[in-house]
Amino acid sequence: MKHTKRLYGTLVFLFAFLVFAFFYVGHAQNNNKNKIPKVGVLQLLSHPALDEINRGLDDTLKKNGYENGKNIHIIFQNAQGDQSNLRTISKQFVEDNVDVAVGIATPSVQSLKNATSTIPIVMGAVTDPKGFGIVPSNSHPGGNITGISDQAPLADQFKLMKQIMPNMKRLGIIYTSSDMSATTETKKMKKLASAQGIDVTVSSISNINDLEQVSTNLSQNVDAIFVPTDNTIASGMKLLSSVAAKQNVPIFPAADTMVKDGGLATLGLSQYELGQKAGEDVVKILRHKAKVGDIPVTFIKKGHLIINEKMAKKLNITFPDSVIQKAQKEGRIIK
């Protein structure tokens, strides 16, 4: 009889345990299903190019049905160009256990990479991901990082400069010495131009406070100035174009947004499109459960022609008909 009671008690306990386990697991699965994903967006600083990347990211998430505060929680942070802010925000994203972290600009991605090796990171535009040591391979990143490259089509850019200024003999390049993307593009453009017999003068700045003096000296000794993908100079583009215009020197920037701020023309990448592509990677990770290391880094090879007629008139420069027609057909004209 005692044995029967003991057996009965054991069966009751097991039954109760199984019922509890069933409802607990079901509740946990339901919670996971209803969990709102968190996306941390870390932007280095605010200027038109980076703001456009963020806008493209937001619009793509919305297009795919993600509404902030409803079925996704987007935590946007601007580091104001400060390295300590980058570290603090990256650490906070890890503590918040975000589902995906997006870095807008190379320093943002590097900071996120230093903070975590497990949370998926999407690059919101890094010029040379493999060369900068962010991923071991662009085609097979392998770790927790993938995303978009903003490598400008420099050969096409130089060809455009020569189309607009066939008599150009002296090219100036200005960049920020601590900006890895700008440094990389500066070296490539110098090599391209020098190979075509152009006399190249390279000037660098340490911070935005150097821009006026350095650009004044540079513009007095060149026929045109090229600006690579450079966050510091992008934030001071209006000042740079104003200084150069006093010497009737046009600016050819790598980023499309910099033409609106006083550049003459570019055959550059759309910053908005870079953001869209980054958004697509976020969707792949969140919705389709794609493995980050299996998503290749995206390179956008075709640039968009943008010309600034207002600046051309100010500098007494006439665009060739072929350039105007191409801008009308597949680019944009700023008037």
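Helix 3 (residues 83-95) packs against helix 4 (residues 106-115) at an angle of about 50°, and their axes are 9 Å apart. That makes helix 3 oblique to helix 4, a label for angles that are not under 35 degrees (roughly parallel), over 145 (roughly antiparallel) or 65 to 115 (roughly perpendicular). This is a predicted model, in which local features need pLDDT of at least 70 and side-chain atom pairs count only at pLDDT 80 or more, while totals for chains, interfaces and linings use all residues. Residues are numbered from 1 along each chain as its sequence is written, and side-chain values use heavy atoms, with hydrogens and water left out.

- Helices (H or I, at least four residues) and strands (E, at least two) are DSSP runs, numbered from the N terminus.
- Axes are lines fitted to C-alpha atoms, for helices over the stretch in contact, and angles run from 0 to 180 degrees between N-to-C directions.
- Helix 3 and helix 4 cross in a right-handed way, with the near helix turned clockwise from the far one by less than a right angle.
- On the helix 3 side, the contact (heavy atoms within 4.5 Å) involves Gln83, Leu86, Arg87, Ser90, Lys91, Phe93 and Val94.
- Helix 4 brings Pro107, Ser108, Ser111, Leu112 and Ala115 to this contact.
- Six of the contact residues are nonpolar, four polar and two charged; here Ala, Val, Leu, Ile, Met, Phe, Trp, Tyr, Cys and Pro count as nonpolar, Asp, Glu, Lys and Arg as charged, and the others, Gly among them, as polar.

- Strand 1 (residues 38-43) and strand 3 (residues 100-104) run parallel and are joined by five bridges.
- Gly40 has Ala101 in strand 3 as its bridge partner.

**Asn68 and its loop**

- Asn68 sits in the loop between helix 2 (48-63) and strand 2 (73-78).
- Beyond its neighbours within four places in sequence, Asn68 is in contact with His73 and Ile74.
- A polar atom of the Asn68 side chain lies 2.8 Å from the backbone nitrogen of Ile74.
- Asn68 and Lys38 are 30 residues apart along the chain, and their C-alpha atoms are separated by 9.5 Å.

- Another open sheet has four strands in the order 7-6-8-9, with parallel pairing.
- Its edge strands are strand 7 (199-205) and strand 9 (251-253), each of which pairs on one side only.
- From one strand to the next, the twist averages 25°.
- Strand 6 (residues 170-176) and strand 8 (residues 224-227) run parallel, joined by three bridges.
- Leu171 stands opposite Ala224 in strand 8.
- Helix 6 (residues 180-195) lies across strand 6, strand 7 and strand 8, running at about 170° to strand 6.

**Helix 7 and helix 9**

- Helix 7 (residues 211-219) and helix 9 (residues 237-245) pack at about 35°, with axes 9 Å apart.
- Their crossing is right-handed.

How values were computed. A polar contact is a pair of N or O atoms within 3.5 Å; within protein, one must be able to donate a hydrogen and the other to accept it, and residues adjacent in sequence count only if both atoms are side-chain atoms. Two strands pair if DSSP finds at least two bridges between them.
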